[in-house]
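Load the model in a viewer and keep the selection tool at hand. The stops below go from one contact to the next, each with something to select.

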Amino acid sequence: MSSLTLLFVIAALGLVAWVLARTRARRFRRGARQRFSSLPQHHGWYVALCTVVPALTFLLIWYFVSPALVTDAVLATPRAAALPPAGFDRAGILSEAREIAAGRAYGAFTPLADALAPAYAAAQARFDAIGTVIALLLMFVGGAWSFMRVRPGFSARTRNERLVMVLLLAASLVAIATTVGIVLSLLVESARFFRIVPVGDFLLGTRWNPGVIDPRDPGATLGALPLFWGTFFIGAVIAMAVAVPLGLMSAIYLTQYATPRARRWMKPLLEVLAGVPTVVYGYFAALTVAPAVRQAGAAIGVTSASSESALAAGLVMGIMIIPFVSSMADDSLAAVPASMRDGSLAMGATSAETIKRVLVPAALPGVIGGVLLAVSRAVGETMIVVMAASGVATLTLNPFASTTTVTKQIVDLLTGEAAFASAKTLAAFALGLTLFVVTLLLNVVALMVVRRYREAYE
Amino acid sequence: MSNNPPKMTASHVDVYYGANHAIRDVSIDVCQEDVTAFIGPSGCGKSTFLRSLNRMNDTIPGARVSGDIRLDGDDIYAREMDVVQLRARVGMVFQKPNPFPKSIYENVAYGPKIHGLAQSKAELDRIVERSLSRAGLWNEVKDRLSDSGTALSGGQQQRLCIARAIAVDPEVILMDEPCSALDPVATARIEELIHDLRGRYAIVIVTHNMQQAARVSQRTAFFHLGQLIEYGDTSDIFTNPRQERTKDYITGRYG
Amino acid sequence: MSKSLVPHVPVSAAEVAPHRPTDWRSDAMERRVRRRYAAERRFRLMGLGAVVVSAGFLAFLLIVMIAQGHLGFVETRVTLPLDLRQARLGLTAERLRGPGADLALAGAGLERAVDAAANRAFATEGGAALLSDGAWLRVRDAVKRDPHLLGRPFTLDLPVASAIDVAAKGNGTPAAERTVAALGAHLSRGIARDFLTGADSTDATRAGIWGALKGSLLTMFVTLALAFPVGVLSAIYLEEYAPRNRATDFLEVSINNLAAVPSIVFGLLGLAVFLGTLHLPRSAPLVGGLTLALMTMPVIVIASRNAIRAVPPSIRDAALAVGASPIQVVSHHVLPLAAPGILTGTIIGMARALGETAPLLMIGMRAFIAAPPDRLTDPATALPVQIFLWSDQVSRGFVEKTSAAILVLLVFLLAMNGVAIFLRNRFETRW
C-alpha cells in the first residue's frame, strides 16, 4: 500500500470510529434526563483519536527506522557479499540500488547496484507490508479499546483536552529546541575551531586573511580583532551617528509638534523605512551611495577613499535603523508623566526648553536602552555590509577607508568552496558565536535599562 | 430562621491568595429557594468566598481553598468533581456586565450548546426565549436577537448575563455585586428580577449596599476581615444584630 | 539649575535690598524672549528636518529604483524579416500539429536559420550578434502558433542582445550607441515577457524572476505552514495555561531572545542542523522555509500573545461561569477575538521573512538555478537572493533587472503590509 493510500485509509477509519462512537453515545443519552460531562461528539473525537494517533505515531517512527531494516535485509542477501567494505563507495552503491528499486533512476552506473535492486525492492515491499499490518492492527486495538469506554459516566472531553494540552506544550518546546539548537551548533563547531586555532589568537590577533591559511599556524591569519573593530565602527559609530540624531529628532517632532493628522501620515512613512528589505538597502548602498561617498572623499582631499568605504555602509545602515530608534524614543517620551511637562510649561518655558531640559533628560535611560537595541540590530545586520563593505580587514579610523565586518566575513567564509570542516568554515561558526553572545548581551542590558526606567515612572 | 433545606454547605473554609489569608474558617449554609446576601466592607472577602462556591478561584494563580464545600452533599473540591459541570450547576453573574461580543441569541445559546442541552434548533430557540423571558429581557430584545450583546445598555447587558446564566438551568446562581455598575433605575429592574427568580434557584448575592441586601434577601451573612461575623435571617440581622461589629456596620459607624 | 534660582540669604539687615518686581517689559527681557522664541523655532525646524530627511531618503530610494527598474520590464526588439523556406528545416505544418512538435522544432536547426536571417538583414550593423540568445525561441513559438509561417516570408520583432538593449535605453557603450542609431526605425519596444516568466540566466535579456518568485513562494509556504501553527499554539500555551515556574520563565526568555537573534545566526543553525546533521537537500525551499520558520515563529508568538492578552479577562470569566472548559474558553472566545491581531502579526512576520536574504545564503539558496523549482526539495533560489546575485553581475543589462526585481519584491511587501494595516484598522476593538 502506498503511503498516500495508507494515510487515506487511516483517515477513513478515523472517521468511521468518530461516527460509531458518536452514535453509541447518542443512544445512551436519549431518554436520560441526567446531565453528562461529555457530548456525543466528544466521545466521537476520543475514539477517533485513539484509533488514529497510535497508528500515526507508529508510522512516523517506522518511517525513520525501516530504511535501516531494509538495508540490513539487503546486506544479508548473498549478492551483497560482493560489496566493498563500509565506506563512501558502499553507501553510493546502496543508494543507487535504492533509487533503481524505487523507480526513480533508469540505469545504473555500477552493475552491482543493478543486481542489488531486486533484493532492495523485495525487502522494501516486505517491510512496507509489515508496517501497514502493524499500523492497521494498532488502529483496531485502539479503536476497540476506546469504543468499549464510551459509557455515560466516562469523561471523553477531559481526555481530549489533555491531548490538546500536550500539543500546546509541544509547540512551546519548539522555541526552546531552537535556542538549544543555536547554542549547541555554534558551540560544537566553535569548539572544533578552537582546537585548531587558540582562542587568544582568534580574539586578539590583528591579521585576518582566511585566503592564505598556513596549516602549521592557522591562527596567524585568523585574528578577528579587525573584524570586531570594523563591526563596531560601522554599526555602533557611523550608523548611530546617523540614526540617533535623526531618529530622536523625528520622535520629538512627531510626538511633541506634529498635528495628529500629520502624525498619522508621517509615522507609517517612517515605518516603511523599516520594512524595506536589507538586500534593497545593500544594493542601494553599493550602487548609489558608495560612489557618491568616494567622490565626496576625493573632493575633500582623501586620496585613499575606497569605493567600499565604511562610511557608505554605515550611512545606509543608519538610515535603516532610524525608525527603530524613533519608535523606541517615542515610547520613552510617552512614558514621561504629563505632569512633568505641564510643570515646566506652567513656569513659562517654551516647548523646546521643556523638551531639552525636562523631557529628554527624563526619558534618557529609555532612549539609551533603545540605542543599545539598535546597536545590537546594526551589529547583526548582514546584507548591507555584504554588498557595500569591503572584504579586506583593516584596523582604521578613516571612514573613507575600506573595513569589513563579522557578518560579511561569515558570508564570505561559508559561500566559498571550502570543505565543511576546514578551519575556514569553522571560523565562520566561531564568528557566529561571538556575534550571538554580543547581541544577546546588548539585548539583555538594554532590556534591563528600559525596564528599570519604566518602573521609575509607574 | 428560614426553613428551607440547605443547598450548599460550607464548613471551615479558608482561602489563601499566595501568602494572604483572605478567608478564615467560614462555615455557612446556602438554602434552597432563598436569596442569601453577603454584606461587609470592601476587601472583607465576601467576593472571594463567593468565587470559591463555583471554583472560579481556580482561575486565579496562587489561590488555594481548604475546608469543605458541598453541593447537595457532594464535595465540590473532590477529585472526581468535574469543574465544568459544577459551574453549569452553580452559575455566576459578575460585577461588571460581561456579555460575549456575539449576538444576543448566541450569548444565551452558548451555554446550552456546549452542554448539549438542546437536541434541535427549535428546542434551543425555546431555551433562549425562556431564559430571556425569565430575565425580563425578552420583550425588549425579541426583535433584535441578532444584534450584538455589547450594543445593549448596561442594565440590559446585566440582565442578558443573568439570562445567560439561567439558560444552562443552574441550581444556584451567584451574583457578585451585580448592580454596582448600574444606575438606580437599572438596579431596581435587577432587584425585581431577583425577586421573581427567587424560589426557582438558590441565589447568593454579594452587595455592599445594605438597603439592597435588606430589600432582596431572606438571609444575610456579614463578613469582616475574612471572617464570617454573623449569619441569620435578614430581618434579624438588620433589626436585632447579636454582634457589636454587625451593629456598628449596619448603622454606618464604619464601612 | 541656574544660580539665580537659589534664594540669596541676606547676611545682615543692612544688606537687604528693597525687593523690586521683575520688569518683564525691559529691553533686555524682550530681547531674551525673542531669542528664546527663535531657539524654539529652530528646534522645531530641526525636528521637521529629521522627518523630512528620513522620508526624503525613502523617496530617493524609491525614485532611483523606479527610474532604473521600470526599464527592466521593457525589452528592445528589432524587426527581422524571415523566410524559413530557404533554411530547409525539414518541417511541415502537419508535423507541428502532432504531439512531437517540440521535439521536431528543437532538432530542426531553427537557431541557425534565425542567425542566418539576421546576418543577411543587418550585415553591416552586426548580424546575429544583434539578437538576444533567446531570440530564436520567439521564432519557434511563433511557428508553433501558426505553422503556415513555414511556407511564406514574414517579419517578427525579436529581442536584441543585452548590449544593444542597454544602449537603446540610453546607457550603453559608444559602439553600441552607434549600432542603435544605425538600426533606427527597425527598433521597437515591448513588454519583457521573459523577465516575468523566466528563471535566472547568464544573459540579461533572458533572465527572469519567475523562478526566484516561485522559490520564494514555496519557501514562504513552508514557513507559514510551520511557524503559524507552532507560534499560535505556543502563544496560547504561554498566555492561558502555562504554570508560573522556572521552566515557563526559561521558555519566555528564550522566545524573547530568539526574536532578537541576528538572522544570519539562524542561517548558521540551518547549515549546521538541517544540512550538516539531518542531510536535507541543499538549496531547497524546504530547508529555506524551515530556517525562516524558526526565525519567524518568535515574531508570531509575541504578536499573538499581545493579541490574546488584549482580550479582557471578563470574557474568560463569563465563559467559565456557564461551564465552558478552559480549552473551550480559548477556542470559542479568546481565539476568535484575538484572530485579527494574530493575523496582523503573522503577515508582518511573513513579510519580514520574504525580504530576508542572509540565512538563505547560508543554506545554499544562492546557486545559479535556470529552471523554476517544482517541488519543495528542488534546488531553488528566492527573490531577495536573486536580487543579491544579479547585483553582483558585471553585465550592465543586469542593473535594470536588479532594480526591476526589487520593485517586484517591494510590491509584494507593500501589499502584505497594506493587508496587515487594513486588518488592524478594520478589526481594531477597544474594550
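## Stop 1: chain C against chain B

Select the contact between chains B and C: 14 residues come from chain C and 22 residues from chain B, where two residues are in contact if their C-beta atoms, placed from the backbone, lie within 7 Å. This is a predicted model, in which local features need pLDDT of at least 70 and side-chain atom pairs count only at pLDDT 80 or more, while totals for chains, interfaces and linings use all residues. Residues are numbered from 1 along each chain as its sequence is written, and chains are lettered from A and ligands numbered from 1 in the order in which they are written.

On the side of chain C that touches chain B, H13 and H14 of chain C each supply at least two residues. Helices (H or I, at least four residues) and strands (E, at least two) are DSSP runs, numbered from the N terminus. The helix that gives the most to this side is H13(C), with six residues. Colour the side of chain C by class and it shows seven nonpolar, five polar and two charged residues. Here Ala, Val, Leu, Ile, Met, Phe, Trp, Tyr, Cys and Pro count as nonpolar, Asp, Glu, Lys and Arg as charged, and the others, Gly among them, as polar.

## Stop 2: H13 and H14 of chain C

Now select residues 313-321 of chain C, which form helix H13, and residues 326-354 of chain C, which form helix H14. Two packed helices are described by the angle between their axes and the distance between the axes. For H13(C) and H14(C), the axes come within 10 Å and cross at roughly 135 degrees. Axes are lines fitted to C-alpha atoms, for helices over the stretch in contact, and angles run from 0 to 180 degrees between N-to-C directions. H13(C) and H14(C) are therefore oblique to each other; angles under 35 degrees count as roughly parallel, over 145 as roughly antiparallel, 65 to 115 as roughly perpendicular and the rest as oblique.

The crossing of H13(C) with H14(C) is right-handed. A crossing is left-handed if the near helix is turned anticlockwise from the far one by less than a right angle, and right-handed if clockwise. Show side chains for Ile315(C), Arg316(C), Ala319(C) and Leu320(C) on H13(C), and for Val329(C), His332(C), His333(C) and Val334(C) on H14(C), which make the contact. By class, these are five nonpolar, two polar and one charged.

## Stop 3: chain C against chain A

Move to the contact of chain C with chain A, which takes 64 residues from chain C and 63 residues from chain A. Which helix gives the most to the side of chain C that touches chain A? Helix H1 (residues 27-69) of chain C does, with 18 residues. That side of chain C has 47 nonpolar, 13 polar and four charged residues.

The crossing of H8(A) and H1(C) is left-handed. Met266(A), Leu269(A), Leu270(A), Val272(A) and Leu273(A) of H8(A) meet Val51(C), Ser54(C), Ala55(C) and Leu58(C) of H1(C). The contact of H8(A) with H1(C) has eight nonpolar residues, one polar and no charged.

## Stop 4: the sheet in chain C

Select strands E1 (residues 74-82) and E3 (residues 187-191) of chain C, which run antiparallel and are joined by five bridges. Two strands pair if DSSP finds at least two bridges between them. Arg77(C) has Ser188(C) as its bridge partner in E3(C), and Glu75(C) stands opposite Gly190(C) in E3(C). In E2(C), Asp157(C) is the bridge partner of Thr79(C).

The three strands form an open sheet in the order E2-E1-E3 (chain C). E2 and E3 of chain C stand at the edges, each with a single partner strand, so one side of each is left without a neighbour in the sheet. From one strand to the next, the twist averages 40 degrees. Helix H5 (residues 135-145) of chain C packs on the sheet, touching E1 and E2 of chain C, and its direction makes about 140 degrees with that of E2(C).
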